Amino acid sequence: MPPRPPVAAAAAAASAVRTESAAVVPTRLLRAVNAPAFTAAAASHPPPAASARIPCGAVSPALVGATVSVAGWAANPRRIGSDLAFLPLRDASGAVQLVVTAAAATANSAASVTAGSASSGFHTTDADVTAVPSAVAEQLTDDLRARLLAVSPESVVTATGVVRRRPSSAARPGQGAAGDLELVVQSLDVLNPADPLPFPLLHLQPSSSAGTSGGTPPKAPASEETLLKYRYLDLRRPQLQANLRKRSDAVHAVRSLLHDEGFCEVETPYLFKSTPEGAREFLVPTRSPGQFYALTQSPQQFKQVLMSTGIEKYYQFARCFRDESLGADRQPEFTQLDLEMAFCEPAHVMGVIERVVARVWSLLRPDAHMAQPPFPTMPYAHAMRTYGSDKPDTRYGLEIQNVTEAVDGRPEPEYPDPFRRGTAVEALVVKADAAAALSAKDRDAVLQAVLRESFPLYGGTVSPRDLVLARAANASKLLLSSGVLGGAGGSGTQPPIAPDALLAALGASEGDLVAVARRPAGLWGGNTPMGRVRTHLATRLREKGALAEDPDAFNFLWVVDFPLFTPAVEEVAPGQAASTDTTTVSPLAFPPLEATHHPFTAPAAADQPHLFSNPLRVRAQHYDLVLNGAEVAGGSVRVHRAPLQRRIMQDLLRIPAAKVDRDFGHLLDALSLGCPPHGGVAIGFDRLMAIACGARSIRDVIAFPKLRGGDLFAGSPNAVDPARLKEYGL
């Protein structure tokens, strides 16, 4: 335990008072001087404050000369010479410096004694005190200084004193009133002393730049596991405090906007039924043996049913739960801003989200480089071909070139082969001025990172023979020895195109960095192998300061025209024979399908004639909002007719009829009893706030996040007593 403020000095002061001027200082004041600094009685029944507490951040030049009271958390006290002692004090509003000086104590000796007696539970009037000898004042000042210097870091302290300007030599320009003013302490009480800290909170010291605009965050004082175990300490960081307050402001602004636009906030249940087709769920046992709830992965079905009730505009800040692997931008429980609208087209929903985002950015990032709505749109196929991602970061170039026709003599098909036959070749060039920043070690790190990644819709991992990353001067030899150009890869057989001709077609010059990759034909999923090469290269170039981008830009864009269906990865064997029936194709002539997003998404009206004959060429009425390479929102127009919804589930997704009735019968009933056309969207609010706040991960905008070990603060999940498990039939 840290040392408590000593009381011996107070006893000595009382003795001096009795000796020198017992007739002047009343007996009850002597008892006050001799009283401990903190007692249980004083804590339970604090005396009336001499002046009302004001926030530390409210200490201003207008209060110079005034007596005020402040309270907050103490930093490290420090002493200069024999007379001066300082203690920085902060609360939610800001900070103020407390100071004890001999000169101030002498000038305010009567006030000091009076305040000291009041803080100990005893009170005096002007008639009670007529004079205090200088020796007594000095002793009282010594006691006050000793108490201030004994305060342990992060103790909760209250103090009363007189506001004054700092001496010019002690002023700190650039810190506003906190750097120009200080509080000359007359009384000080420790409301709750802090034990020794598990790690130093250096970022809370006055000299720290952490949390300031443009400041470089200091090295973490402990591991992330330790910081999350003591999350209440870590949350005292100014930057985390600011993040939570910005999030609160954003929620308020969004609620106000949606209310003004006629939306109704409706809470939907957390306890739902298990739907195994989605992500892995959290199951909740009941006392009925074998019966379980599932925590909602999203309010998807509830919000669609709400459209059937006549609530035409719904929203909520919904808590969602998915038992997935954790990461910097993924938590098992998260918040999404959920909306649904009746009688709408995609443009209507997208417009609402654009207004929401614009409102949030005008509040939190008013100086941001951001285009005003409407945001640009980009077809999924263009995003995948040009950027290799369905969430492209358009702040920089490094665009991908499809060279399939130059290499293989035929272009990549516009519509994918149902069984993913054939291949495509893509290339990317980093010009010499940027490429010079990348060493051979950097290039190899990028190559190995991509080779370790999994691309289930492109056959799994990338073969080293199908990816070349090299300087243009060395690329020809590597291309010849690989299988990228379609040759025999080192057997002496010439590829269809000479490497030098390909490099010339790419516009690659000596000193440029060239990446060339061969992949299965078709555009599937969220990334192509070349898209991941682009992302890894951009990360390395950004670290070296060689990436040509605007770091302050916020490039919002909509990605649209996604495929409605994707081949089911676990059941498709590349090269499987296709049906020769080209008239009315049975669904069984296609590989098993998965809904690209979810089975409730409506097909594009122009593609609906192909829905049951060639479902893989059907586009969805789906739209994703992308910001700087991250998906921040996704939504769609829904299937609102029960017969079509049932047929999609049974004939295309091959869900047995009995299972459709069991898992989705309630939704189909609602659709069949007068449900209007409707659509909606969900914003990943944690991710949006992380980007708006410039946070390194969504954990920095969540009060109590989790790591792979669970909730380290509370120690959950935890083991349950066997008797309780038996109660639930487990």
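Phe556 has 4% relative accessibility and therefore counts as buried, a class defined as under 20% relative accessible area, with exposed over 50% and partly exposed in between (1.4 Å probe, protein chains only). Trp361 is likewise classed as buried, because its relative accessibility is 1%. This is a predicted model, in which local features need pLDDT of at least 70 and side-chain atom pairs count only at pLDDT 80 or more, while totals for chains, interfaces and linings use all residues. Residues are numbered from 1 along each chain as its sequence is written, and side-chain values use heavy atoms, with hydrogens and water left out.

Phe317 belongs to strand β11 (residues 313-321) and Phe685 to helix α22 (residues 685-693), so their contact ties together parts 368 residues apart in sequence. Here helices (H or I, at least four residues) and strands (E, at least two) are DSSP runs, numbered from the N terminus. Phe317 and Phe685 are both buried.

Trp361 and Phe556 also form an edge-to-face pair, with 5.2 Å centre to centre and 85° between the planes. Since Trp361 lies in helix α12 (residues 346-364) and Phe556 in strand β20 (residues 556-560), this pair ties together parts that are 195 residues apart in sequence.

One aromatic cluster is formed by Phe199, Tyr230, Tyr232, Phe704 and Phe713.

Note on methods: Phe/Tyr/Trp six-rings, centres within 6.5 Å; stacked < 30°, edge-to-face > 60°.
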